[in-house]
Amino acid sequence: MDDDLVSSLTRQVKEEVVENYLLERRLLELQIEHFNSLAGSAIKHAQAAGLRLARISGLMIEPAMRQRLDAMLGLEVCGFWGAYLTSGFMGHVRFIRARALTKNAKFRKLVLECYSRLHSRMSRYEKEYAHIVDECSAVNRNIVAFQKNFDLLCIINFLKRLDTAGLERKKILGENFTAQEMSALDQSLYISPVSVEKLDIPLPLHLPASDAIRGKLSNLADEVFFRYPEKVREILL
C-alpha cells in the first residue's frame, strides 16, 4: 500500500512538472508567433511607405534631381529604402489629383502632397517600429526566464531521481539516452531569441516635417518643372 502511494505521488509530481513545462513553453511559443505576426505587418507597412518614397522620387524625373531630394531629406541611397529611392516607380499607390491654375503650380502642389503623405506614412511606421522593438525585448526577457526556470536536462534528471523502477525509467524518463542524445534533445528544444534585424525589418526614416521643408521642396519642384517640362506634363495627364 505504501509503495502504491509513493508510486502515485511520484507520478503526480512528474505529470505536474511536465505539464508546467509544456504549458509555459506553449505560452512562450504563442508570444513568439504574435511577435512574428507583428513583424510581418510592420514589413508590409514599411513597403507601403517605400512606395510613397518611390512616388516622390519618381516625380524628380532625373537622377540629378533625385539626388537633390535625397540631400534635402537627409537620405542615403542604400538598403531597404534605397531600392525605392532609385526605382522611380510610382505604381500601386493612389493617384493624387492636384488642382491649380497653371501646370507649374499643379506640379508643385503634387510634389508637396506626395511628401505630406510620405511623411504621414513614415510617422505611423516609426511608431509601429518602436512597438516592435519593445515587443522584441519583452519576448526575449520571457525566453531567458523560461530557460532559467525550465532547464530541460535538469527536469529530466529530477524526474529520474523520483523513480525507483528501472523499467519505468527506461520507458518514460529516457534513462537509456546517451550523452549525445541528451545534448541533441536539448538543442532541438532550445528556443532562440527573436531579433528585429534577423527579420529584416528596416529602420524608419526620420524625415523633416512637411512645414519645415515646404519652401525648399517647392523650389525643387519648380526647378524640375522648368528643366523637364514635357516629362512633367506626361505625369500630370
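This is a predicted model: local features need pLDDT of at least 70, side-chain atom pairs count only at pLDDT 80 or more; totals for chains, interfaces and linings use all residues.
Author: Glu135 lies in helix H4.

Reader: Is Glu135 buried or exposed, and which side chain of opposite charge is nearest?

Author: Buried means under 20% relative accessible area. Glu135 is buried, yet has no salt bridge. The nearest side chain of opposite charge is that of Arg141, 8.4 Å away.

Reader: Which residues is Glu135 in contact with, leaving aside its neighbours within four places in sequence?

Author: Contact means heavy atoms within 4.5 Å. By that rule, Glu135 touches His34, Phe35 and Leu38.

Reader: Where is Ala138 found, and how far apart in space are Ala138 and Phe35?

Author: Ala138 is in helix H4, which covers residues 103-149. From C-alpha to C-alpha, Ala138 and Phe35 are 9.9 Å apart, while 103 residues separate them in sequence. Ala138 counts as partly exposed because its relative accessibility is 24%, and partly exposed covers values between the buried and exposed cut-offs, 20% and 50%.

Reader: Which residues of helix H3 are buried, and where do they fall around the axis?

Author: In helix H3, residues 79-87, the buried ones are Trp81, Gly82, Tyr84 and Leu85. Seen down the axis of H3, these buried residues fall within an arc of 165°, so they line one face of the helix.

Reader: Which residues make a nonpolar surface patch?

Author: Residues in a patch need over 30% relative accessible area. Leu23, Leu27 and Leu30 make a nonpolar patch of about 260 Å². Leu27 sits in helix H1, residues 2-58, and is partly exposed, with a relative accessible area of 41%.

Key:
Residues are numbered from 1 along each chain as its sequence is written. Side-chain values use heavy atoms; hydrogens and water are left out. Patches are made of residues with over 30% relative accessible area and no salt bridge: like charges are joined within 9 Å, nonpolar side chains (Val, Leu, Ile, Met, Phe, Trp, Tyr) within 5 Å. Accessible areas come from the Shrake-Rupley method with a 1.4 Å probe; for residues, only the protein chains shown count as cover. A salt bridge is a side-chain nitrogen of Lys or Arg within 4 Å of a carboxyl oxygen of Asp or Glu. Helices (H or I, at least four residues) and strands (E, at least two) are DSSP runs, numbered from the N terminus. Buried means under 20% relative accessible area, exposed over 50%, partly exposed in between (1.4 Å probe, protein chains only). The arc is that of the directions from the helix axis to the C-beta atoms. Lys and Arg count as positive and Asp and Glu as negative; His and the chain ends are not counted.
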